[in-house]
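Reader: Could you take me through this model? I would like to begin with the chains and then turn to the helices and sheets.

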There are 2 protein chains.
Amino acid sequence: MSQLAKLSPIAELIHRAFKNEQFAQGASLFLRLHPADQADVFEILNEENRSQLLRHLDIPTTADLFDELEDQETAEAAEFISLERLGDVLDEMDPDQAADLLGDLSPEIARLALTEMDEPEDVLPLLEYPDETAGGRMTTAFLCLHPQTTTAEAIEYLREANPDTDVPYYLFVSDETEHLVGVLGLRELVIADPQTTVDEVMDRDVIKVSAMADQEEAARLMTHYDLTVLPVTDAIDQLVGVITHDDILDVIEDEATEDIYRLASVADTDLEPESAVVEQIKGRLPWLLLNTATALFAAWIISMFEDLFVKVAVLAFFQSVVAGQGGSAASQNVAMIVRSLALGKIETKRVWAILLRQLWIGLLQGIIIGVIIGLGVGIWQGNPYLGIVLGLALVGNMLVAGIVGTLLPLAFQYIGQDPAMTSSVLVTAATDALGFLIFLSLAKMFLPLIIQYLPY
Amino acid sequence: MSQLAKLSPIAELIHRAFKNEQFAQGASLFLRLHPADQADVFEILNEENRSQLLRHLDIPTTADLFDELEDQETAEAAEFISLERLGDVLDEMDPDQAADLLGDLSPEIARLALTEMDEPEDVLPLLEYPDETAGGRMTTAFLCLHPQTTTAEAIEYLREANPDTDVPYYLFVSDETEHLVGVLGLRELVIADPQTTVDEVMDRDVIKVSAMADQEEAARLMTHYDLTVLPVTDAIDQLVGVITHDDILDVIEDEATEDIYRLASVADTDLEPESAVVEQIKGRLPWLLLNTATALFAAWIISMFEDLFVKVAVLAFFQSVVAGQGGSAASQNVAMIVRSLALGKIETKRVWAILLRQLWIGLLQGIIIGVIIGLGVGIWQGNPYLGIVLGLALVGNMLVAGIVGTLLPLAFQYIGQDPAMTSSVLVTAATDALGFLIFLSLAKMFLPLIIQYLPY
């Protein structure tokens, strides 16, 4: 928010300059910004300004801008420039970003843009890997040395390499069969004696990931081992790319968004508050419809107790208290389990210990809340047995919440599904239905005693 | 989970070795692991094994292990070693981790441990900054050059520097008044002519953060500008430390945990499923008690319609359907707003456009679900007016959900509170209370028509 608030005035100035046909001035304002800020300003310009601006940027600036824009925005911006120019921009972009852009264009445009590129060979291998894999996140812009190279030669190689190559902190070492055999930090290279061979100073314990591994596996390795760069190898262990730390930040943020959205029953993790109405409904309505089914099931359970409400209308006031408290407690459980699973903090063999602890907490919280609500309602309604029924039902439903909120996400993880899919809808279905059932069954058992205290 | 599953057998072997008093063998198994894995194994060993293991590790290994352990685990492990040894370990640890450990020890032990250190001056400045600030996350282990140094001299300096210094990829440049004036990538240093001065090759546009800034600001800058290292300056713009990319990963993960927990009404973001029962209740019960208050308020609203239930018990079946759908839709809204705010994607001036769009979506989803449930229940109960009342109430409550779920988190952000604090409890309070009110008021209005179709 603060970032955009700071940049909005600049977008405003650029807009005004373009409106007055001061194109050079508008573009030069833009050029003074860091590419990351250029992307933010670009995103708040209107379509006409975007198109005008792109006409006044050179190829390298356009490539830097495209590297920084969100995927969808890049694809839209690409439509404003000619195919020939797009080919040049793709050549200048980071290979991984170029590959993402090509994937977001229509197949026909992508094919034509590829033919316009001078060096499609950096990008083509990246198009083979699905988006969510390590291969889909990697870049081919890395430097690779031979074990017998001297460090002086390696420095010379570094000097001659394209300065845009993304990964200057670590150099990878592969043998004649192109197998990854070591890694060499730039610092070790610099301080080594110039005649030493790479072989002598490199680290042979290379942590790497397979190109087909899930991007989360790559993120986990980089976080766990504090890596800035992770080499990616293909099926026969040849080095095919590297993943850099900034890509992993994106993965971690995407995964957190996914968890938050799924826990709140939003199926489409790309949604934002201003996404198109039809997209939002597509991503949200299915869970609400599932909620409809479970809510009607709960209504059906209540309907089995119809005669109760005729005799004791007051039960209708409090049935939702029991269901609601269970739902809230279960959401707490689910959040803790889902987050602990995501951060790799739950051991399989601890499942029963965790369940036991959560049951214990459910019991204690149930007793505390049951006593408070039971006493309060008993006094309010002048009906001690109504209070007792409510209190007991709350204890029961808090135990249900402990079981469901713990086991459902663990079960989802066990069968290979995202535990965050155990969103509130599913867990609440259980605490609602069982909450009503427990409360109304207890009320039926205690009916003669409750009726005794009714004013009518 | 997979990580721990892989490491459990090693922990088992170490445990067995120690049990058979084969201490050297147990320790050597441990030493073969990467420090990050050592930390994971250490955490699943029992207390006795931890203590035995620490007796068989040398100072540098212990320091590496302590650098990797979770803060709380480090403080517990520090109790197993003598004060003199602890001083040596603190000297070898990363200064930022050493400062964290000193902060977690009892003040008396921390004071004594500091007197046992040979180089407390690396750690002392870090103790001044609160945990959640940029200063609290930074390390003092960085390298700083003079503008007039030649690149050859800089490389010599690098060669002589402590190899444990954490940040070998970027060197910072400060003038005689110790003000930060530039930054120099190691790659630029390596490929520069040896007689060039640092002044000529450094980048003068340094992105930096104030030591007292929130750690989230540091994380935002590093993510936005794709930085591996962020320099930290004090009030008079002198370089006092650097934040490295791995620290920022921790910040981002902590922030995501915080959002997920707060959205699910868990107040204490350090809780894990196996945290102590009393800690969990402290971090969870307050929100459930707030929920109790709002649930009783909703019950009071329902109680004003007591005579309705006596006449039309069937209303009790469906009141929760209206409240529940509103609650689910509102949770979806809150999740999207909170996440967009966290990722800096919401502009202040777009608030009304967002609200309008969410109202529109609420209306459409309300109509779709209202028609489905209205028709279904109308047919099930053979009571068209009951269906109409339900349908209208659903539309109304979905609009309420759109308003509350959008404006409540934005309002929290506006008054400087965490928008994720608009957790389900608060939003659900509104959709529950208003859901019941809308449904029962409509039922009262349509009462003569509904009664007409009742079987009794």
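Author: What follows goes from the contact between the chains to helix packing and then to the sheets. Please keep in mind that this is a predicted model.

Reader: Why do you say the copies meet through the same surface?

Author: Because 99% of the interface residues of chain A are also interface residues in chain B.

Reader: Back to H18(A), then. At what angle does it cross H19(A)?

Author: The two axes cross at roughly 150 degrees and come within 12 Å, where H19 of chain A covers residues 351–380. That angle makes H18(A) roughly antiparallel to H19(A). The crossing of H18(A) past H19(A) is right-handed.

Reader: Which residues make that contact?

Author: From H18(A) they are Phe318(A), Val321(A), Gln325(A), Ala329(A) and Asn333(A). H19(A) supplies Gln358(A), Gly362(A), Gln365(A), Ile369(A), Ile373(A) and Val377(A). By class, the contact of H18(A) with H19(A) has six nonpolar, five polar and no charged residues.

Reader: Let us move to chain B. How are H6(B) and H8(B) arranged, perpendicular or parallel?

Author: Helix H6 of chain B (residues 71–78) and helix H8 of chain B (residues 95–104) cross at roughly 70 degrees, and their axes come within 9 Å. They are therefore roughly perpendicular to each other. H6(B) passes H8(B) in a right-handed crossing.

Reader: Which residues meet there?

Author: Asp71(B), Thr74(B), Ala75(B) and Ala78(B) of H6(B) meet Asp100(B), Leu101(B) and Asp104(B) of H8(B). The contact of H6(B) with H8(B) divides into three nonpolar, one polar and three charged residues.

Reader: And the crossing of H14(B) and H15(B), is that left-handed or right-handed?

Author: The crossing of H14(B) and H15(B) is left-handed. Helix H14 spans residues 215–224 and helix H15 residues 245–263, both of chain B, and they pack at an angle of about 115 degrees with their axes 9 Å apart.

Reader: Which side chains are listed for H14(B) and H15(B)?

Author: I would speak of residues here: Gln215(B), Glu216(B), Ala218(B), Ala219(B) and Met222(B) in H14(B) meet His245(B), Ile248(B), Val251(B), Ile252(B) and Glu255(B) in H15(B). Six residues of the contact of H14(B) with H15(B) are nonpolar, two are polar and two are charged.

Reader: Now the sheets. What is the strand order in the chain B sheet with S1, S2 and S3?

Author: The order is S1-S2-S3 in an open sheet of three strands, and the pairing is mixed. Strand S1 (144–145) and strand S3 (180–185) of chain B are the edge strands, each pairing on one side only.

Reader: Where does the mixed pairing come from in terms of each pair?

Author: S1(B) and strand S2 of chain B, residues 170–174, run parallel and are joined by two bridges. Cys144(B) stands opposite Phe172(B) in S2(B). S2(B) and S3(B), by contrast, run antiparallel and are joined by five bridges. Leu171(B) has Leu184(B) in S3(B) as its bridge partner.

Reader: Which residue takes a positive phi in the hairpin of S2(B) and S3(B)?

Author: Glu178(B) does, with a phi near 65 degrees, and the hairpin has five residues between the strands.

Technical notes. Residues numbered from 1 in each chain as written. Chains lettered and ligands numbered in written order. Predicted model: local features only at pLDDT ≥ 70, side-chain atom pairs only at ≥ 80, totals over all residues. Axes fitted to C-alpha atoms, helices over the stretch in contact; angles between N-to-C directions. Helix = DSSP H or I, 4+ residues; strand = E, 2+ residues; numbered from the N terminus. Parallel < 35°, antiparallel > 145°, perpendicular 65-115°, else oblique. Left-handed = near helix turned anticlockwise from the far one by under 90°. Contact = placed C-beta atoms within 7 Å. Nonpolar A, V, L, I, M, F, W, Y, C, P; charged D, E, K, R; others polar. Pairing = 2+ DSSP bridges.
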